[in-house]
Amino acid sequence: MYILFDIGGSKMRVASSSDLKKFSEPLIVKTPKNFKEGMRAFATLVKSVSRGKKIKVVAGGIPGYFDAEKTKIKGCAPNLKSLIKKPLKKEIQKITKSPVYLENDSDLVGLGEAVSGAGRGYEIVAYLTVSTGVGGGRIINGKIDTYANGFEPGNQYIDYKNKKDLQDLIGGRSVEKKYHKKPYEILDKKFWDKMAEILAYGVNNTIIHWSPDVVVVGGSMMKKIGIKIPHVEFHLKKIMRAFPNDLPKIKKATLGDFGGLYGAIARIRQE
């Protein structure tokens with residue numbers, strides 16, 4: 001029995017897998033903001049999906065960047081500040097009594113998309129998620145790329161005059177704070193085209209820095225009421241200077257809300 005999980009700024013998902021090919025129907029709850037409450041909720045979900053069976057390995061994603069041993073988050077988890085510097089790996093090991101592999105949540109979703117989703121078949125996959133916040137990672141040959149601290153494309157400055165980064169401008173939480181309504185309640189097509197234009201600048205920078213074969217974009221801000229990939233491509237073609245004739249594919253993520261669970265399977269299989 002393997003346990004897969006994805007702890008995001010809004011929701012916590014936990015599932016099990018017996019064969020590392022498919023997983024059980026994920027159990028989903030709202031992510032508690034308090035660390036101890038979060039661990040209690042996680043323990044309850046693990047108990048439900050494991051059904052008393054011995055757990056071999058656990059893998060999952062959490063927002064933020066880790067220490068070198070990937071035992072705790074050092075920072076950059078604005079929506080889950082209570083997790084910073086807490087003994088995450090140690091606590092999860094206590095709950096599951098098994099080895100635990102932790103990764104940044106966006107990196108793990110990117111791995112899932114690279115191995116089982118829209119990025120399958122490409123050597124270098126850049127993944128961006130535009131959701132409560134903005135994150136992403138680079139996957140090379142089916143593995144999360146190495147790094148010194150982590151990948152945080154959402155923190156790239158887009159508006160340097162006002163010190164606004166990509167997350168400030170198109171992240172779901174920022175949009176809700178600015179417009180006083182949920183993003184999916186905004187039906188103005190011009191608004192969403194503007195969001196697509198801003199995202200195009202982020203995609204442009206991602207392409208220049210990471211030189212991917214494909215850019216996969218997912219997250220709640222990319223749904224039916226949201227940013228459209230063709231609009232991002234339209235604006236990208238207008239602004240790209242470095243590689244105007246060699247743009248990589250821009251594709252919408254295909255694994256939906258469960259990309260991190262597919263990524264967790266891929267991560268365990270690597271071991």
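**Close-up views of a predicted model**

View A. Arg51 is exposed, its relative accessible area being 53%. In this predicted model, Arg51 lies in the loop between helix 1 and strand 4 (57-62). Although Arg51 is not a glycine, its phi is positive, at about 50°.

**View B. The length of helix 1.** Helix 1 comprises 16 residues (residues 35-50).

View C. The buried residues of helix 1 are Phe35, Gly38, Met39, Phe42, Leu45, Val46, Val49 and Ser50. Because they cover an arc of only 125° around the axis, they lie on the same side of helix 1. Their packing partners are strand 1 (2-7), strand 2 (11-17), strand 3 (27-30) and helix 2 (88-96).

**View D. A nonpolar surface patch at Tyr184.** Tyr184, Leu187 and Ile225 together make a nonpolar surface patch of about 330 Å². Tyr184 is situated in the loop between helix 5 (172-179) and helix 6 (189-210). With a relative accessible area of 52%, Tyr184 is exposed.

**View E. Ser211, a residue with positive phi.** Ser211, a residue other than glycine, has a positive phi near 45°. The loop between helix 6 and strand 13 (214-218) contains Ser211. Its relative accessibility of 46% places Ser211 among the partly exposed residues.

Technical notes:
Residues numbered from 1 in each chain as written. Predicted model: local features only at pLDDT ≥ 70, side-chain atom pairs only at ≥ 80, totals over all residues. Heavy atoms only, no water. Patch = residues over 30% accessible without salt bridge, like charges linked within 9 Å, V, L, I, M, F, W, Y side chains within 5 Å. Areas by Shrake-Rupley, 256 points an atom, 1.4 Å probe, with all protein chains shown as cover. Salt bridge = Lys/Arg side-chain N within 4 Å of Asp/Glu carboxyl O. Helix = DSSP H or I, 4+ residues; strand = E, 2+ residues; numbered from the N terminus. Buried < 20%, exposed > 50% of the residue type's maximum accessible area, 1.4 Å probe, protein only. Expected span 1.5 Å × (residues − 1). Arc of directions from axis to C-beta. Contact = heavy atoms within 4.5 Å.
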